[in-house]
Amino acid sequence: MPKIALLTVTHDPQGKNIRLFKELKNELEDIYEELFLTISEESSIELIKEIENSKFAIKIIPKKGAAEARREVVNFGLNGDSVFYHYCDFDRLLTWGKNYLQELKKIVSTLPNYDYLILGRTERAMNTHPPEWIETEKITNKVCSLELGLDVDITAGACSFSKKAAEYINKYSCERMTDSEWAMIAHRMAKLKVDYAQVEGLEYHEETNGLNRIISDSEKWLGRLKLALIISETAIKTGK
């Protein structure tokens, strides 16, 4: 079976994911041949030490936003020997492993069947999210679905891709958000087939997947609305 690498990123100043990482570390190390993580320099020192004491290859980077962290980990992962990559936000991965470990294992085993696979949420998993996520992501997902000609949930923080797709992403990714950009790079620029799968494991748990800071409800809605616009515009313009 081809080698599959995990690519993941995190910014965790409070170290809120230390416990879950320690609980799942051995399972994750068994699922993937290689594991690459970029972590912001502002993250918990204790978390960094825990990861350094695992099989994860770790790169500490300046905090410049999720898109830059994601690009960094793709570049990092290309230094390894794997030919397929599973990208998943670190908090999402931990939620998935904690609650749907067998599903995670099964999905990873199928990844060599796809050049680019968007991993989205079942209706049940989507409905575990805050209302401001659900309502604004409906728009983003509709725009991306129209552009791809395929009904997708593009904003769940997870996908997989072949080494060829990774090389294109590494060369051309430059937008403020990567959720739709990477799929469009694979689709329009690399001319690869983009597929879609729904999973239960990308559900939302406030203690793991919530914000690292306290903001008002109106700020939450506005923030998600801005993200929806950026990701939607990126879907339309990338690769054209």
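## Strands and the sheet

Two strands count as paired here if DSSP finds at least two bridges between them. With that in hand, take a look at this predicted model: Thr-38 has Lys-59, in S3, as its bridge partner.

## Two nonpolar cores

The largest nonpolar core has 35 residues, and the members that touch the most others are Leu-7, Val-74, Tyr-87, Tyr-116, Ile-118, Phe-161 and Trp-182. Helix H9 (residues 181–189) is the top contributor, giving 5 residues to this core. There's also a second, separate core of 34 residues, with Leu-24, Leu-35, Leu-47 and Trp-96 among them.

Setting aside residues up to four places away in sequence, Leu-7 touches Phe-36, Val-73, Val-74, Gly-77, Tyr-85, His-86, Tyr-87, Cys-88 and Phe-161.

## Around Leu-101

Leu-101 is part of helix H5, which spans residues 101–110. Its relative accessibility is 17%, so Leu-101 counts as buried, the cut-off being under 20%.

Which residues does Leu-101 contact, leaving aside neighbours within four places in sequence? They are Glu-27, Ile-31 and Trp-96. As for Trp-133, 32 residues from Leu-101 along the chain, the C-alpha atoms of the two are separated by 24 Å.

Notes: Residues are numbered from 1 along each chain as its sequence is written. This is a predicted model: local features need pLDDT of at least 70, side-chain atom pairs count only at pLDDT 80 or more; totals for chains, interfaces and linings use all residues. Side-chain values use heavy atoms; hydrogens and water are left out. Helices (H or I, at least four residues) and strands (E, at least two) are DSSP runs, numbered from the N terminus. Buried means under 20% relative accessible area, exposed over 50%, partly exposed in between (1.4 Å probe, protein chains only). Contact means heavy atoms within 4.5 Å. A nonpolar core is a set of buried Ala, Val, Leu, Ile, Met, Phe, Trp, Tyr and Cys residues joined through side-chain atoms within 4.5 Å.
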